[in-house]
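Here are some notes for a colleague who is opening this structure for the first time. Please keep the sequence and the model side by side while reading the points below.

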Amino acid sequence: MNEQKIKQDLNIGANIRRIRKMRNFGQTELVRLLQLDGIAITRKTLVQIERGIRNALKTTYDELLFESAALCVRSMI
């Protein structure tokens with residue numbers, strides 16, 4: 001039951017968009033800042049992520065949660 005709640009609350013793209021707008025960044029400006037930090041991203045990719053990271057990555061929420069958990073475990077070792 002708890003896992004289902006996590007899936008429903010997991011809306012990474014919408015959170016990115018909300019925070020970007022709160023900080024008054026346009027998509028192009030955010031992409032430029034990310035590129036300056038060495039992150040290879042295009043505006044098109046950002047749009048896809050904001051619309052739904054699951055669709056942009058062609059993955060499932062389960063896979064995203066599993067990969068996130070695996071990264072946390074590896075960093076603790």
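1. Gln27 counts as buried because its relative accessibility is 16%; buried means under 20% relative accessible area, exposed over 50%, and partly exposed in between, with a 1.4 Å probe and protein chains only.

2. The model is predicted, so that local features need pLDDT of at least 70 and side-chain atom pairs count only at pLDDT 80 or more, whereas totals for chains, interfaces and linings use all residues. Residues are numbered from 1 along each chain as its sequence is written, and side-chain values use heavy atoms, with hydrogens and water left out.

3. Through its side chain, Gln27 makes a polar contact of 2.8 Å with the side chain of Arg43. Such a contact is a pair of N or O atoms within 3.5 Å; within protein, one must be able to donate a hydrogen and the other to accept it, and residues adjacent in sequence count only if both atoms are side-chain atoms. Leaving aside residues up to four places away in sequence, Gln27 touches Arg20, Arg43, Leu46, Val47 and Glu50, contact meaning heavy atoms within 4.5 Å.

4. Two of these neighbours, Arg20 and Glu50, form a salt bridge in which the closest N and O atoms are 2.7 Å apart. The pair links distant parts of the chain, since Glu50 belongs to helix 4 and Arg20 to helix 2 (residues 12-22), 30 residues apart. A search of the whole structure finds one salt bridge, defined as a side-chain nitrogen of Lys or Arg within 4 Å of a carboxyl oxygen of Asp or Glu. Glu50 counts as buried because its relative accessibility is 9%, and Arg20 counts as buried because its value is 8%.

5. Which residues of helix 3 are buried? They are Gln27, Leu30 and Val31. They lie on the same side of helix 3 because they cover an arc of only 100° around the axis, the arc being that of the directions from the helix axis to the C-beta atoms. The face turned away from this buried side carries the exposed residues Thr28 and Leu36, and just after helix 3, Gly38 takes a positive phi of about 90°.

6. The largest nonpolar core has five residues, namely Leu30, Val31, Ile41, Leu46 and Ile49. Helix 3 (27-36) and helix 4 (43-57) each supply at least two residues of this core. A nonpolar core is a set of buried Ala, Val, Leu, Ile, Met, Phe, Trp, Tyr and Cys residues joined through side-chain atoms within 4.5 Å. Val31 touches Ile41, Thr42, Arg43 and Leu46, again not counting residues up to four places away in sequence.

7. Gly52, which lies in helix 4, is buried because its relative accessible area is 15%. The C-alpha atoms of Gly52 and Gly13 are separated by 5.4 Å, although the two residues are 39 apart along the chain.

8. As for the whole protein, there are five helices and zero strands, and 21% of the 77 residues count as buried. Among contacts with a separation of 6 or more, 39% come from residues 24 or more positions apart.

Note on methods. Helix = DSSP H or I, 4+ residues; strand = E, 2+ residues; numbered from the N terminus.
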